[in-house]
Structure formats: structure tokens, C-alpha cells
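User: I am new to this structure. Please walk me through how to read it, feature by feature.

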Amino acid sequence: MIFALAGNQNCGKTTLFNQLTGSNQHVGNFPGVTVERKDGVIRGHHDVTVVDLPGIYSLSPYTSEEIVTRDFLLNNHPDGIINIVDATNIERNLYLSMQLIELNLPMVIALNMMDEVRANDGTIIIEKFQKELGVPVVPISASKNEGIDELIETAISTAGAKQKPKRQDFCTGAVHRAIHSVAHLVEDHAERIGVPPRFAATKLVEGDAPMMNALSLSENEKDMVGHSVTEMESELGTDREAALADMRYTFIEGLCKDTVVKMGESKEHRRSVAIDNILTHKYLAIPIFLAIMMLVFYLTFGVIGSALSDLLSFVIDFVTGAASAGLTAYGINPVVHSLLIDGVFAGVGSVLSFLPIIVVLFFFLSILEDSGYMARVAFVMDKLLRKIGLSGRSFVPMLIGFGCSVPAIMATRTLSSERDRKMTILLTPFMSCSAKLPIYAMFTVAFFPKHRALVMIALYVTGIVIGIISGLILKSTIFHGKPVPFVMELPNYRFPSAKSVALLMWDKAKDFLMRAFTVIFVATIIIWFLQTFDTRFNVVATSADSMLAGIGKLIAPLFAPLGFTDWRVSTALITGFTAKEAVVSTLAVLTGTSVSNLPAALAQLFTPLTAWSYLTFTLLYTPCVAAISAVRREMNSTKNAVAMVFYQTGVAWIVAFLVYHIGLLIFH
Amino acid sequence: MTLDELKIGHKSKIIEVGGEGALRRRLLDMGLTPHTEVMVRKVAPMGDPIEIHLRGYELTIRIDDAKKIEVEGTLDR
């Protein structure tokens, strides 16, 4: 038995899903689009699956979230719908319920946050309420785990009996007449494609183009639909979309008048307004936001993350050392030893050291998201990002990009629009990540000792400017067309649930580990292979003879126009593909010096100008393999991930070329 | 007058939502239908977007979009 869980955003849907399924979840995307889809088995019912659909407000044909929801409901034939409704915000939540009812599938309404309604002297006369709506209604409190068992029971019995909604017709007057005549007209067409006639008719009257195409009506029938609609519009003096929205809300207002004892302004709402007086204050909002982000960064990358990373690398070093000693004692072939220790252990180990940072960052992010603060950030920052065709929602992922692109790309999941999400993913790697800092540190010591901070700031600014230019280009090319409207709810602040936070952290850690042991594992072994063998598959004595060095020599001429021609420099760029820190260690290995003597060695390879060009290139070129695999996963497309590698490397080449040649003009 | 002209803290009732396509539909779906009471709660620090209160919840919309929403004059505060 399969249930679809549908509801608005911010109505406790994720909390309910977590209560229903526990940690038994599978996260993925809908086929072909990057819209999140979560499945889980209901606890104690092995044969009952629930699919968590994206949080939506309507079944209009405009956003990909709404389209995948209705396609899922129409094409995958779930046995029932569990519609979660926020009882503290009942009018707007029921608007979606009314459209779901028209799908004519067995349905149960889970009336969430009833504890909050009651605590604020409100109540809902459930008997009358469910009679008017024609579907069973179960009051619950998802966060307090109240009413969940009853909800499961009701859902299973309703779906088991294939009990469809008892009422379909909520409208009167002109709208009623229009829907009826259209329903009559398209009944055969709708049944042929497996769509409930009533739903098809309502959507046609509303002016839903995809539905019109799907039904393949004759010209004559289209004219008749048009005629019914025109008649309705002239009678009501309004257009079709407004007429239907008005019809639904009018019914809801009537229903609430009869069955809902409205609560006064709730404690939670008053508290929210008070918090917002500070957090979205005219002058305080931005400083507070920056302070919060700085604290999160400091704790993640400075205190907790680095402590955990150190601990983890201690454990990894210990295990690696033990394994190495064990293998040597066993007398294993030195090449296999190198493969396991220098390839597998070192490669996966270096990627694993990201894990604590990702888990800690997502701990803070999920608290910011679940508490409702992220929506405020979007509200405060929207104006800045609008210019590059995004909305305020993209600000936080981009900011995280300054720490690490991997969690930043994973954090784009919170963006509700597919377009914004893709575009944010493409722009995030231009925000210079913290793994590039060792490169900047090394080069500024060697070439710009007096202006280190200035050079670093210039690099960060270059990244941001290139990101903005890329945004402007993307906006008018690939992501041409209208952005999703920025009409966003600011939910009441709530205390995040420990369970949700823990599940999200677990989910992200699992996701990252899976990639660390698949894509990233393979990539590090390839690099090891290239580093260890020459073209005749002999083990090399020094890495200068390896295949990797050969490739470095081969591609070195490509960088001549950028001012650096030495093969060691280009080889370091290739190893930078596994992790950016590797650029520095590779340069040290290839120049045969220790990291502390590297600045002197670098002075032989670069002039300050070519060093600047090299820094610009490393700032902008392809992100590391962990970030690319995150892009591939989040975009649901290998093609897009590969295209991004080429795009960024191309941009890096052009910008470094400009830096070098403009520099030449100025200084010579 | 239009919604963007309503002063902070003032209430009014919606007459009509103009514009077209996805944006207009979203506004209607969110409950900005005729006769609905709205209050402007605040303006974002950079002057745009605005936060409005309707049907018991808070919604944020951009000023350009608020210009398309026709409202009655200011009601009693």
C-alpha cells in the first residue's frame, strides 16, 4: 500500500514524515528533475510505504514542484493521500486540500498543531468539519507525536476500503455551472487518460494549458470549453483564475465560520513578531545575520569541525599506520602496499576528513532552517540577489561556499524552485572555498609578503565578481525565462525538533560517505595510478617520471598564454582536482623541497605577475572531485556536472589570461 | 491605491490582483483574493521586499508585485 504525503510548506510535513517512518527513509529526486522525493516505510507496517511530496500551496501548472506532485498523484496511482493541514493557519492550508479532494483518491486529512490551537483557546468541531469536507479528519500534533497511531489506522482503513471523498462539489452559481458543463464534455477524454473528470474540468476552467493538451480535445470541444468559461467570466465580472481561487476561499471561509472556533492571536505568533522586531529590524537585521553566520563558520571550521577533523585524522593515521605495518610484516608486494596505503587510505582518508565539517555545518543549518530563520534571511537579502536573477533564498548556500562547496551544494536542497537551485549550484563554486586558503597563504608569503591580506581579499572579490557576471550571463541564456515568483511565507519561529535535526545530519553524512566510497574512491585511485606508474607501467622512482607528470608536461603549453609554463605547476593543478590542498603538497614534492622551503622554490618558477595569474586560475578552475560528485548528485545529471567542470575551467583560463596580459601592459 | 502605497501597520482590503501568469496565480493561491483583509507589517532593511499579514499568517512579496495589487483605502488602524 502506498500513501502520498502532501501539504503546504512549513506545516510540519517533514516532522510528520519522520514520525511515520523513523530513520527508515530513502531520499532521491523525481525522475528527470531535481525536486526532492523521500520514501519511507511506516513503522510497524512493513507493507505500507509513504512518499513525502514537495511542500506546495496549490496544484497549478507553474512550478516543477507542483507539476511533479500532480503527476505523481495522477500517474503513480497511490492508494491514498495523507494531507497534512496546519490547524493554526487553516484557511490557506485547506486551499490545497480542496484541489486534492478533486483527484478523487482515498484521502485523510491530518490536522496538525491542534495542541497549539487548543492552548490558545481555539477548537475545531471535527465531526462537522469532516462531514462538510467529505473526508476523514484526524487531529494530531506531529511534534509531540500525538494522534499519529490513529492517523495511520484511519489512513489504512480508508485506503483499504477504497473510500473516495464523499463530496466533490464545493461551488455555487456560475463557477458550478461552468465546471459541470465542462466535466460533462470532457468526461470520456479524461477517463481515457486516467484523470478524474472533475479534476480535469476544474483545471480546464482555470485555464491549465498542460491539462488542455493532455486531454487532446477537438477544436469544437475546445470552443465549447472556451464558451463556458467566457459565460462564467462575464457573469462574475472577473477572470477564470481569480474566479476559482475566490470560489475555493469562499467555501473555506464558510466552513471555518461553521466549524472553527478561532483562537486568539497565539503565543507562538506574538513571540514570532517580537523576535522579528529584532531579527528583521531595519538596522540590526544585517549585522545580526552576519554575526550568526560568522559564529556558525567559526564553530564549524574553527572550533568543533577542526577538533573533530583532527581527531578523525588521528584515527585515520593510526589505522593507516597499523595497516601499513601489517602489510609490510606480511611481506606484501610494494606496489599493492602503495595502492592500499598511498592510494586508498590516503585518498579516502583525505576526503573523510571533510565529514565532521559537513555534519557540524548541517547541524547548524538545520537549526537555522527548522527554526524559521532561513526564511527571514531570504527576506532580508532578497534585494541583493535579485539582480542576478535569484532570490534571497540562495544567499545562505552561496555563503557556505566560502567554507566548503560540498555542503553548500548539498544545502541547495532547501531552495524550493528547481531553476534557482540549479543556478545556485553553478554559481557556488566561484565563492572561494577554505581548502584554497593554503595555496593563497603559500603564494602570498612567496610573492606578496607585504600585501598578503590585500591580495587574498582581491582574490575573494575576483571570485564574487566572476560569480555575479556568470549569474548575469546564465540569467539571460540557459536560465532565460521567468524566475519563480518570490512570494514566500514567513512561518512562526519554532523550536527545531531534535529528531529532525538528527535525521538530516545522518542523511547528509550517509550521502557523503556513499560518494566518498564510490566516485571519490575511484578518482583518487586513478590519480594514484597516474602518479605511481610511467607509460610502460613500471613503478617510477621519482614522481617526475610518472604518467601524471607526463600529462602535466603535455598540458603545460596550454598554460603558456597565462604566463606559467613549468610542467610541475600544471601537474599540481591536476592533483588539485582531488582536493585543493593537494596543489601545495604536490608543488613541494615535485620541486623536491619541504613545505616550509617552498616559497623560495616557487620564486624560481613564478614572477609575481605569473603567480597572480596562477592564483586566479586556481581560484576559478574546476572544483574538487567531492564537489563535482555533489553537483552530479544534486543536479541529477552527469552531463551537467561535466559541463560545469569545462565551464569553470574555461572561465578560469580566460580570466587568468586577462590578468596576465593586462598585468604585462601595466608593468612593462 | 495599490498595496505598496499602504503605510506600515495599516490595514486594507484587497480589490483585485493584477498581473498575469505564475506570479498572479501564486498570489491568488496564497489567499490574496478580493475582500481579504491585509496589513503591511514591515519593509525589509534594504527597502524591498515587504512583509504583509493576511488570513492569520505572514507573507513576503516584492514591491514590484505589490504594485499590481489594488486595495481599498486605509481602513481603521
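**Reading the model**

Analyst: Start with the domains of chain A: the assignment gives domain 1 (2-160), domain 2 (173-261) and domain 3 (510-667). Such bounds come from an automatic or database domain assignment. The model is predicted: local features need pLDDT of at least 70, side-chain atom pairs count only at pLDDT 80 or more, and totals for chains, interfaces and linings use all residues. Residues are numbered from 1 along each chain as its sequence is written, while chains are lettered from A and ligands numbered from 1 in the order in which they are written.

User: What separates the centres of domain 2 and domain 3 of chain A?

Analyst: A distance of 59 Å, taken over C-alpha atoms. For the whole of chain A, the C-alpha trace spans about 85 × 60 × 55 Å along its principal axes.

User: How many helices and strands does chain A have?

Analyst: Helices (H or I, at least four residues) and strands (E, at least two) are DSSP runs, numbered from the N terminus. Chain A has 30 helices and 10 strands.

User: How do I read burial and contacts?

Analyst: Count C-beta atoms, placed from the backbone. A residue is buried if 20 or more others lie within 10 Å of its own, exposed if 12 or fewer, and partly exposed in between. In chain A, 47% of the 668 residues count as buried. Two residues are in contact if their C-beta atoms, placed from the backbone, lie within 7 Å. Take the contacts in chain A with a separation of 6 or more: 71% of them join residues 24 or more positions apart.

User: What is the strand order in the open sheet of chain A?

Analyst: First the general idea. Strands of a sheet pair through backbone hydrogen bonds, either parallel or antiparallel. Here, two strands pair if DSSP finds at least two bridges between them. The open sheet has seven strands in the order β2-β3-β4-β1-β5-β6-β8 (chain A), with mixed pairing. Its edge strands are β2 (25-29) and β8 (137-139) of chain A, and each pairs on one side only. The twist averages 25 degrees from one strand to the next. For such angles, axes are lines fitted to C-alpha atoms, for helices over the stretch in contact, and angles run from 0 to 180 degrees between N-to-C directions.

User: Which residues stand opposite each other in that sheet?

Analyst: Go pair by pair. β2(A) and β3 (residues 36-41) of chain A run antiparallel, joined by five bridges. There A:Q25 stands opposite A:G40. β3(A) is also antiparallel to β4(A), over four bridges. In that pair, A:G40 faces A:V50. β4 (residues 49-52) of chain A pairs in the parallel sense with β1(A), over four bridges. Here A:V50 has A:F3 opposite.

User: How do I check the length of a helix?

Analyst: The expected span is 1.5 Å times one less than the number of residues. Take α23 (residues 519-532) of chain A. Its 14 residues should span 20 Å, and the end C-alpha atoms are 20 Å apart, so the two agree. Its buried residues are A:I520, A:T524, A:W528, A:L530, A:Q531 and A:T532.

User: Which backbone angles deserve a look?

Analyst: Most residues other than glycine have a negative phi, and most peptide bonds are trans. A:N10 has a positive phi of about 60 degrees although it is not a glycine. A:N10 sits in the loop between β1 (2-7) and α1 (13-21) of chain A. A:N145 also has a positive phi of about 60 degrees, and is not a glycine. A:N145 sits in the loop between β8 and α6 (148-160) of chain A. In chain B, the peptide bond from B:D48 to B:P49 is cis, with omega near -5 degrees. B:P49 lies in the loop between β2 (37-43) and β3 (50-54) of chain B.

User: Are A:N10 and A:N145 buried or partly exposed?

Analyst: A:N10 is buried, because 21 other C-beta atoms lie within 10 Å. A:N145 has 15 C-beta neighbours inside 10 Å, so it counts as partly exposed.
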